[in-house]
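Welcome! Take a moment to look over the sequence and the 3D view, and then we can walk through some of the details together.

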Amino acid sequence: MDIAALRAAGARHLIQSELLSDVVPAIDGPVFVRADGAEIFDADDRAYLDFNSGQMCSALGHNHPRVTEAVRAGLGTLTHASSVYFNAPQLRLAARLAETFDAPLSRSLFIQSGADSNEAALLFARRATGRTGIGALHLSFHGVVFRFESIAARRFLSH
Ligand SMILES: Cc1ncc(COP(=O)(O)O)c(C=O)c1O
């Protein structure tokens with residue numbers, strides 16, 4: 001694969017994040033193509049041990065067969081359902097989560113991203129306490145949304 005062409009496309013067509021740009025700017029870094037288990041491969045087919053994958057949706061590694069099959073089955077059954085109405089898979093998961101956690105954590109809110117989750121946590125905290133102050137680590141990262149850019153005291157976008 002032509003890495004120079006891929007990088008040029010990134011420079012031309014992506015809105016660049018400044019996150020971690022002090023480590024290796026994306027424009028000079030690897031261009032990832034595929035992954036398997038704990039390894040992720042760049043456009044030169046060089047393998048990297050992917051410590052980042054454990055962070056969120058691929059905590060069991062890339063392409064875990066049971067996870068892949070569950071996602072495939074989910075997409076084949078109900079690709080999207082509005083949060084306005086109940087849907088059966090969500091209700092089943094909420095009930096299982098309620099069995100796992102101690103009271104009063106018996107209700108779930110399903111949202112899309114880490115930024116959404118943090119926004120919701122702030123809403124809950126503000127409603128529960130009536131307070132508006134928010135403490136955060138300097139230069140932390142809690143999602144590419146306006147509120148967290150000010151909380152974390154860092155810019156997410158370079159342009
Ligand atoms: C602590 C923390 N909060 C929020 C986020 C943002 O998650 P998302 O990109 O899903 O909005 C991340 C992502 O790495 C994170 O590590």
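Arginine 34 faces phenylalanine 41 of strand β2, and alanine 35 has isoleucine 40 in β2 as its bridge partner. Strands here are DSSP runs (E, at least two residues), helices are runs of H or I with at least four residues, and both are numbered from the N terminus. This is a predicted model, in which local features need pLDDT of at least 70 and side-chain atom pairs count only at pLDDT 80 or more, while totals for chains, interfaces and linings use all residues. Residues are numbered from 1 along each chain as its sequence is written.

β1 and β2 (residues 39-42) run antiparallel and are joined by four bridges; strands pair if DSSP finds at least two bridges between them. In their hairpin, two residues lie between the strands, and glycine 37 has a positive phi near 60°.

The open sheet has three strands in the order β1-β2-β3, with antiparallel pairing. β1 (32-36) and β3 (47-49) are its edge strands, each pairing on one side only.

## Helix α4

Helix α4 covers residues 114-129, and its 16 residues should span 22 Å at 1.5 Å a residue, which agrees with the 22 Å between its end C-alpha atoms. The expected span is 1.5 Å times one less than the number of residues. After α4 comes glycine 130, with a positive phi near 75°.

## Around the ligand

Which residues surround the ligand? They are Gln55, Ser113, Gly114, Ala115, Asn118, Phe141, His142 and Gly143, where near means that the C-beta atom, placed from the backbone, lies within 6 Å.
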